[in-house]
Amino acid sequence: MTLASVLAGFHFIRPWWLLLLLPALLLWWAERRSADSTNRWQKVIDPALLKHLVTGGETRRRVRPGDVALLGWILGIVALAGPTWREVPSPFAAAARPAMILLKVSPTMLATDLAPTRLDRARQKLDDILKSRAGAPTGLIAYSGTAHLVLPPTVDGDVVLTMAKALSPEIMPREGDALADAVAQADAVLGEARLGGSILVLADAVAPDQVGALAKPAVPVTILGLTAPNIAADAGLADAAKTLGASLIPTSLDDTDVAAITRRLAAGAAPALGNGEGARWEEAGYWLVPLIVFIVLLWFRRGWVLA
């Protein structure tokens, strides 16, 4: 960081504290006048005689306790005003992007073209994704004929995987396809958290009526098509991806699909930061604290009194 850049960015975070410099200067001026014993005699004694009647007038020390107190006040006020010249990123902006996993739990997911079943393969892929995103918040929504929030975003991937393994078509209230409701619910959860993120859909197909009901969310969407490589992908998945502006990734036998999904989730939407939550200026007033402490130590000198 060059001196020019420091000077260009130098300012005070709380400049209104600098208004206290005025009363500090007034108090210093009043104390200095009151400490001068010749002021009261100047009104009754001729100045030409007064200088001969005052002893020690020429040897008065130049640095007085009031002067040191003024310096301490100035340093303290400047520190409170928050001098700064360096901008630092927000910890929220630097945090890992959350993701909402939308897992389809319907009888069609029990097909065995992806051994052992499509649902089991979805759980295996989810396990790999969670491991590659260790520490990143991940939530889970299960849907069939209805959509249900299983977990809000959490950094505990083991809990997410445990919940996913407990899901089956038998426990879902109704058969069918409620992808539109699931997407809307995931978008609402991420919107409330205001941390940005993305949505990942794990599904084998999308019903035609759901394609028309889909609304593009505020965060990017990725779809993992859970069909065997030798089977043509469901046309509804492609239509849903087009409607959502999503990336449709086919299931692969290796980790190619997991790697692609991990990259997409890592580049999810940035947090919706409010005032004071974006990039912020680093406080530098604490650098003045040692000087203020040194000035305070001067008051332990014998004879230093300020009334």
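Trainee: Taking buried as under 20% relative accessible area, exposed as over 50% and partly exposed as in between (1.4 Å probe, protein chains only), what class does Phe 12 get?

Mentor: Phe 12 is partly exposed, because its relative accessibility is 23%. Bear in mind that this is a predicted model, where local features need pLDDT of at least 70 and side-chain atom pairs count only at 80 or more, whereas totals for chains, interfaces and linings use all residues. Residues are numbered from 1 along each chain as its sequence is written, and side-chain values use heavy atoms, leaving out hydrogens and water.

Trainee: How many aromatic pairs turn up in the whole structure?

Mentor: The search finds three, where rings of Phe, Tyr and Trp (its six-membered ring) pair if their centres lie within 6.5 Å, and planes under 30 degrees apart count as stacked, over 60 as edge-to-face and the rest as tilted. One of them joins Phe 10 and Phe 12 edge-to-face, at 5.4 Å centre to centre and 75° between the planes.

Trainee: Which residues do ring pairs link into a cluster?

Mentor: Phe 10, Phe 12 and Trp 85 are linked that way.

Trainee: Switching topic, where is Tyr 286?

Mentor: Tyr 286 sits in the loop between strand E10 (280-281) and helix H12 (289-298), with helices (H or I, at least four residues) and strands (E, at least two) taken as DSSP runs numbered from the N terminus. Its C-alpha atom is 9.0 Å from that of Leu 80, although the two are 206 residues apart along the chain.

Trainee: And why does Tyr 286 count as partly exposed?

Mentor: Because its relative accessibility is 46%.
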